[in-house]
Amino acid sequence: MDNKDQITVTSPLLPDLDEFNALLKEIWESKWITNNGSFHRQLEKELAAYLKVPYISLFTNGTLPLITALQALRITGEVITTPYSFVATTHALWWNGIKPVFVDVDSATGNIDPNKIEAAITPRTTAIMPVHVYGKPCDTKQIQAIADKYGLKVIYDAAHAFGVEVDGESVLNAGDLSTLSFHATKVYNTIEGGAMVMQDEKMKQRIDYLKNFGFAGETEVVAPGINSKMDEIRSAYGLLNLRQVNSAIEARRKAAVRYRENLRNVEGISFFDDTPGVRHNYSYFPIFVDAGKYGTTRDELYAKLRGCNILGRRYFYPLISEFTTYRSLPSAKPENLPNARKMADSVICLPMHHELTEENIDLTISIIKNSVK
Ligand SMILES: *Cc1c(COP(=O)(O)O)cnc(C)c1O
């Protein structure tokens with residue numbers, strides 16, 4: 001199989017090489033390559049403005065801000081979370097010695113079902129960690145109402161929610177803290193990278209200390225911090241990518257429209273539509289296969305697409321609660337998570353990125369249509 005003939009699920013948004021070289025030259029001349037340099041500070045400023053958030057702190061990836069957020073809020077005991085996500089969400093709890101408590105998702109969104117959260121709260125519960133899966137906003141109001149009622153913190157894993165807004169307001173401003181991933185596979189990338197969004201200056205200061213070993217000056221360490229600072233090279237790369245992310249999102253939107261127009265009437269195939277009032281980022285295009293109606297199973301379709309060089313991905317399968325590390329937890333019991341299981345067993349994320357051509361999309365659609373039995 002020749003790599004160039006493959007239609008991959010994603011493709012990284014890359015800055016113009018000449019423009020990147022010019023910034024690299026500046027970095028070489030300044031000899032300031034990490035530790036809160038000028039590109040780091042400029043990217044924080046520009047991202048805060050673009051994302052419409054008051055404060056942001058850059059990280060080396062999207063997992064460390066999750067781990068650091070739990071540290072910063074001193075979360076312990078049990079945390080309520082979703083099994084329908086990338087495994088890093090739950091790993092962040094594990095790394096803090098916290099017991100994950102899985103709650104089922106709402107099939108209409110794929111996000112944690114707020115109506116099932118209260119039943120999972122125990123005297124040891126200290127926080128809720130939802131995910132805006134595929135960039136679809138959680139019901140942040142209902143989740144906040146529950147958190148307020150029980151005195152819980154809310155940390156959103158917003159790895160998929162770059163630039164997502166509800167009625168003009170960033171979804172990243174919900175809860176106590178939100179985290180982002182700028183991994184190569186995401187809508188906006190800095191190769192590896194991530195960030196945390198916070199609502200006040202004091203928390204921004206605290207997080208900036210924590211991501212730099214807890215240093216608050218040359219000789220003072222105020223907390224047992226970690227090292228998760230973004231360097232100057234990735235910050236410069238991120239500044240260039242920020243300039244083209246809107247056109248990348250627009251290209252993704254057009255791809256989503258084409259998929260939807262053509263798959264709308266295929267029996268047994270369903271997908272999400274846009275939500276009115278939401279600025280979506282089209283980070284993924286999941287379809288759900290109802291084998292009974294479609295006549296072909298999800299895995300058969302997945303294999304058939306692969307056979308034609310179309311590399312969809314089964315995000316998120318298996319559920320996090322099905323991995324060996326987590327499957328013995330009481331909340332991981334399959335009967336506790338029927339909606340999440342159904343989604344995990346029926347999902348395929350179709351290719352979705354800024355370079356996808358109409359021919360790529362049409363080929364994918366024709367294979368899906370021709371596999372109906
Ligand atoms: C990508 C992702 C992460 C982890 O981000 P990295 O930058 O790869 O560390 C965390 N949570 C979710 C939901 C993700 O999709």
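1. pLDDT is the predictor's confidence in each residue, from 0 to 100. The protein averages a pLDDT of 97, and 99% of the residues score at least 70. This is a predicted model, in which local features need pLDDT of at least 70 and side-chain atom pairs count only at pLDDT 80 or more, while totals for chains, interfaces and linings use all residues. Residues are numbered from 1 along each chain as its sequence is written, and side-chain values use heavy atoms, with hydrogens and water left out.

2. On elements: helices (H or I, at least four residues) and strands (E, at least two) are DSSP runs numbered from the N terminus.

3. Seven strands make an open sheet with mixed pairing, in the order 2-10-9-6-5-3-4. Strand 2 (55–59) and strand 4 (99–102) are at the edges with a single partner strand each, so one side of each has no neighbour in the sheet. From one strand to the next, the twist averages 25 degrees. Two strands pair if DSSP finds at least two bridges between them; strand 5 (residues 125–129) and strand 6 do so in the parallel sense, over 2 bridges. Ile128 stands opposite Val154 in strand 6.

4. On to charges. A salt bridge here is a side-chain nitrogen of Lys or Arg within 4 Å of a carboxyl oxygen of Asp or Glu, and the count comes to 21. Lys149 and Glu118 form one of them, with the closest N and O atoms 3.0 Å apart. That pair links distant parts of the chain, 31 residues apart: Lys149 is in helix 5 (residues 140–150) and Glu118 in the loop between strand 4 and strand 5. As for accessibility, buried means under 20% relative accessible area, exposed over 50%, and partly exposed in between (1.4 Å probe, protein chains only). Lys149 counts as exposed at 58%, whereas Glu118 is partly exposed at 33%.

5. Another one to look at: Asp299 and Arg314 meet through their side chains in a salt bridge (3.1 Å, N to O). Asp299 lies in helix 9 (residues 298–307) and Arg314 in the loop between strand 14 (310–311) and helix 10 (338–346), so the pair ties together parts 15 residues apart in sequence. Both are partly exposed, Asp299 with a relative accessible area of 35% and Arg314 with 25%.

Note on methods:
Axes are lines fitted to C-alpha atoms, for helices over the stretch in contact, and angles run from 0 to 180 degrees between N-to-C directions.
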